[in-house]
Amino acid sequence: MARHADEHLVTARIKLPRRVVDRPLRQVGKRLLMALGVLVVTVLIVYLDRAGYHDNADENLSLLDAVYYSTVTLSTTGYGDIVPHSDSARLINVLVVTPLRVLFLIILVGTTLEVLTERTREEWRLNRWRAHLRDHTVIVGFGTKGRSAIQTLAATGLRKEQIVVVDPSAKVIEAANADGFTGVLGDATRSDVLLRAEVQRARQIVIATQRDDTAVLVTLTARQLNRGAKIVAAVREEENAPLLRQSGADAVITSASAAGRLLGLSVLSPSAGTVMEDLIQQGSGLDLIERPVIKAEVGRNVRETEDLVVSVLRGHRLLGYDDPEASPLQLTDRVITIVRASPGATSAGDMRVTLPE
């Protein structure tokens, strides 16, 4: 399947959001430069005080001898072929060279320990993440549609820790990490990539890929791995929507035709288009929400509720507000209503319904 240049197949990796101070290679490079600096300082100290040192092979201490002595002294305790014999040289070794030796060892050993500690910490975080991840939301594709879906889900109170982003682009995953989301780098049409995202334990899956054929393959794979999750997919062309439903998607949003209908509505009635834009924008103005019927509403007509009911969900049937079968309301019904937006008032049991961009 065709891919963009920066979306080539890669081994799937899980990247938890974290603040990265420096890249590992850069950290190692800095440590090596520090160690080299300590070595250069030691060579200068020994060479400037070369008259206080005795070389068993040659009475004169050259620059090469100073480099050799400094290297073996910093890395080991020395071989005894070059030794300080004057009082000043021995004092400098005690007060300066020995601390430099300790600093040199700390730099080299510290780099190894830091790398091992970082790997252990990352492995521990990954195992802890896997152990606690349940009923989460998997977002396949972190483009405009994927980001908008996350914003809407966040308006319902869904925490960032409960969202996992899957995308084949490393830059996109880095952007998701920067926003505080866990990212899985890889091709979502492959089952091993979705398994790394723990899709088999997800409650809902949002498929917002750039291509319709990719969306179909991802839907088939996700439904095979998780029979009970709610799968919502976006397609560009309306003719591909039935194929998505046959592949296992519970809901299919046709982004191109929906945007076109909104454009046409705005041409016919700019005010109606403004109202639809208000319904799409969550948290301000009017909101479209789905909620269960409360006990006080049981037995009433849909027009007798406090909220403006537009549809009634009874089992798997969606009834319009003017459908004779919609009234009276039953305790097992769910209603889709238009309410005045009140930030933070959405309960955990409510689910906001939005139209696509």
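Helices (H or I, at least four residues) and strands (E, at least two) are DSSP runs, numbered from the N terminus. I began with strand S13, residues 334-340, where Thr337 is found.

**Ground rules.** I noted that this is a predicted model, in which local features need pLDDT of at least 70, side-chain atom pairs count only at pLDDT 80 or more, and totals for chains, interfaces and linings use all residues. Residues are numbered from 1 along each chain as its sequence is written, and side-chain values use heavy atoms, with hydrogens and water left out.

**Entry 1: Thr337.** I looked up how covered Thr337 is. Buried means under 20% relative accessible area, exposed means over 50%, and partly exposed lies in between (1.4 Å probe, protein chains only). Thr337 has 0% relative accessibility, so it counts as buried. I then listed its contacts (heavy atoms within 4.5 Å). Leaving aside residues up to four places away in sequence, Thr337 touches Asp287, Leu288, Ile289, Arg291, Asp307, Leu308 and Val309.

**Entry 2: a surface patch.** I looked for nonpolar patches. Patches are made of residues with over 30% relative accessible area and no salt bridge; like charges are joined within 9 Å, and nonpolar side chains (Val, Leu, Ile, Met, Phe, Trp, Tyr) within 5 Å. Leu33, Leu36, Val40, Leu44 and Leu48 form such a patch on the surface, with about 540 Å² of accessible area together. I noted that accessible areas come from the Shrake-Rupley method with a 1.4 Å probe, and that for residues only the protein chains shown count as cover. Val40 lies in helix H1, residues 24-48. Val40 counts as partly exposed because its relative accessibility is 43%. A reminder on helices: an α-helix has 3.6 residues a turn, so residues three or four places apart point the same way.

**Entry 3: salt bridges.** How many salt bridges are there? A salt bridge is a side-chain nitrogen of Lys or Arg within 4 Å of a carboxyl oxygen of Asp or Glu. By this rule I get 13 salt bridges.

I looked up Asp179 and Arg147, whose side chains meet in a salt bridge at 3.4 Å, N to O. Asp179 lies in the loop between helix H5 (170-178) and strand S6 (182-185), and Arg147 lies in helix H4 (residues 144-155), so the pair ties together parts that are 32 residues apart in sequence. Asp179 is partly exposed at 32% relative accessibility, and Arg147 is partly exposed at 34%.

Next came Arg314 and Asp333, a salt bridge with its closest N and O atoms 2.8 Å apart. This pair links distant parts of the chain, with Arg314 in strand S11 (residues 308-314) and Asp333 in the loop between strand S12 (317-320) and S13, 19 residues apart. Are the two partners buried or exposed? Arg314 is buried at 17% relative accessible area, and Asp333 is buried at 1%.

Arg317 forms a salt bridge with Glu325, the closest N and O atoms being 2.7 Å apart. Arg317 is partly exposed at 45% relative accessibility, and Glu325 is partly exposed at 43%. I also noted that salt bridges with shared partners join Arg130, Glu198 and Arg201 into one network.

**Entry 4: helix H7.** I checked the length of H7. The expected span of a helix is 1.5 Å times one less than its number of residues. H7 (residues 212-225) has 14 residues and should span 20 Å; its end C-alpha atoms are 20 Å apart, which agrees. Buried residues in H7 include Val216, Val218 and Ala222. The buried residues of H7 pack against strand S4 (137-140), helix H6 (191-196), strand S7 (204-207), strand S8 (230-235) and helix H8 (241-247).

**Entry 5: aromatic rings.** Rings of Phe, Tyr and Trp (its six-membered ring) pair if their centres lie within 6.5 Å; planes under 30 degrees apart count as stacked, over 60 as edge-to-face and the rest as tilted. I found 1 aromatic pair. Phe142 and Phe181 form this edge-to-face pair, 6.2 Å centre to centre with 65 degrees between the planes. Phe142 is in the loop between S4 and H4 and Phe181 in the loop between H5 and S6, 39 residues apart. Both Phe142 and Phe181 are buried.

**Entry 6: backbone.** A cis peptide bond joins Ser327 and Pro328, with omega about 0 degrees. Pro328 is found in the loop between S12 and S13. Glu198 is not a glycine but has a positive phi of about 55 degrees. Glu198 lies in the loop between H6 and S7 and is buried at 8% relative accessible area.
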